[in-house]
Amino acid sequence: YSGKKTMTSVTESMMNLKVKDFQSLPVVVSENMTVYDAIVHMFLEDVGTLFVVDENSNLQGVLSRKDLLRTSIGSQDLNTIPVHIIMTRMPNIVYCKKTDSLIVAAKKLIERQVDSLPVIHETDKGIEIVGRLTKTNITRAFISLAETHDL
Ligand code: ADP
């Protein structure tokens with residue numbers, strides 16, 4: 001390999017990385033779950049973001065650690081507030097699809113300054129959640145690229 005040849009092929013394999021090859025499983029809660037239960041759920045599932053769905057399993061919102069912390073330091077009763085009151089809701093959710101380029105999804109994470117994107121599948125019935133793409137997934141892809149090219 002000349003240096004130049006190697007760089008060309010790294011670029012090519014970078015452009016070929018897809019969301020579906022690096023995504024994680026989504027962790028989903030109901031919009032009627034209490035904030036208290038969502039906090040417990042986030043700890044037990046060991047994730048930084050919960051996706052909120054309606055009774056038809058359609059994406060309605062996103063809950064981050066700080067959304068839950070912000071509510072916890074207020075004077076509200078965490079056992080009575082449902083998460084739909086405090087979540088970031090549609091249509092303000094940034095998402096990606098499993099066939100999207102990982103680079104495009106990574107740009108969305110950075111531009112919107114969020115930790116994760118729901119990976120969605122649109123049907124005539126609504127928006128279904130099929131995965132979760134986090135900054136950790138991007139870091140894994142970065143390492144796999146280095147390993148593929150013996151860097
Ligand atoms: P944290 O709030 O714990 O730092 P994030 O940076 O992911 O975590 O979230 C920042 C804010 O953006 C939160 O209010 C959260 O609800 C919202 N958010 C998180 N992910 C998304 C997303 N994919 N689309 C739109 N808003 C999001």
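Reader: What covers the buried residues of α3?

Author: This is a predicted model: local features need pLDDT of at least 70, side-chain atom pairs count only at pLDDT 80 or more, and totals for chains, interfaces and linings use all residues. Residues are numbered from 1 along each chain as its sequence is written, and side-chain values use heavy atoms, without hydrogens or water. Helices (H or I, at least four residues) and strands (E, at least two) are DSSP runs, numbered from the N terminus. Counting contact as heavy atoms within 4.5 Å, the cover over the buried residues of α3 includes α2 (35-45), β3 (59-64) and β4 (88-89).

Reader: Which residues of α3 are buried?

Author: Buried means under 20% relative accessible area, exposed over 50%, and partly exposed in between (1.4 Å probe, protein chains only). Helix α3 spans residues 65-72. Its buried residues are D67, L68 and T71.

Reader: Why do the buried residues of α3 line one face of the helix?

Author: Look down the axis of α3 and take the directions from the axis to the C-beta atoms. The buried residues line one face because they fall within an arc of 95°.

Reader: Which exposed residues does α3 carry on the face turned away from its buried side?

Author: Take the face of α3 that points away from the buried side. The exposed residues there are K66, L69 and R70.

Reader: Which residues come nearest to the ligand?

Author: A residue counts as near when one of its heavy atoms lies within 4 Å. There are 15 residues around the ligand. The nearest of them are S64, D67, T88, V94 and D115.

Reader: How many Å separate a backbone N or O atom of V94 from a nitrogen atom of the ligand?

Author: A polar contact is a pair of N or O atoms within 3.5 Å; within protein, one must be able to donate a hydrogen and the other to accept it, and residues adjacent in sequence count only if both atoms are side-chain atoms. K66 places a backbone N or O atom 3.0 Å from a ligand oxygen. Q113 has a polar backbone atom 3.4 Å from an oxygen atom of the ligand. For V94 and the ligand nitrogen, the distance is 2.9 Å.

Reader: What share of the ligand's accessible area does the protein cover?

Author: Accessible areas come from the Shrake-Rupley method with a 1.4 Å probe; for residues, only the protein chains shown count as cover. On its own, the ligand has 540 Å² of accessible area.

Reader: What is the bridge partner of T49 in β3?

Author: Strand β2 covers residues 49-53 and runs antiparallel to β3 over 5 bridges. Within β3, T49 is bridged to S64.

Reader: How many residues link β5 to β6 in their hairpin?

Author: Strand β5 (residues 116-123) and β6 run antiparallel, joined by 8 bridges. V119 has its bridge partner in β6 at G131. The hairpin link between β5 and β6 counts 2 residues.

Reader: Which residues does T134 contact, leaving aside neighbours within four places in sequence?

Author: T134 sits in strand β6, where 7 of 9 residues are buried. T134 is itself buried, at 11% relative accessible area. Leaving aside those neighbours, T134 contacts L109, D115 and S116.

Reader: Which two residues does the cis peptide bond join?

Author: Most residues other than glycine have a negative phi, and most peptide bonds are trans. P91 lies in the loop between β4 and α4 (102-111). The cis bond has omega of about 5° and joins M90 and P91.

Reader: Is S57 exposed, partly exposed or buried?

Author: S57 lies in the loop between β2 and β3. It is not a glycine, yet its phi is positive, about 65°. With a relative accessible area of 46%, S57 is partly exposed.

Reader: What is the relative accessibility of D150?

Author: D150 lies in the segment after α5 (135-148). Its phi is positive too, near 55°. D150 counts as exposed, with a relative accessibility of 72%.

Reader: What percentage of the protein chain's residues count as buried?

Author: The chain has 5 helices and 6 strands. Its C-alpha atoms fill a box of roughly 65 × 35 × 25 Å along the principal axes. Of its 151 residues, the buried share is 40%.

How values were computed: Two strands pair if DSSP finds at least two bridges between them.
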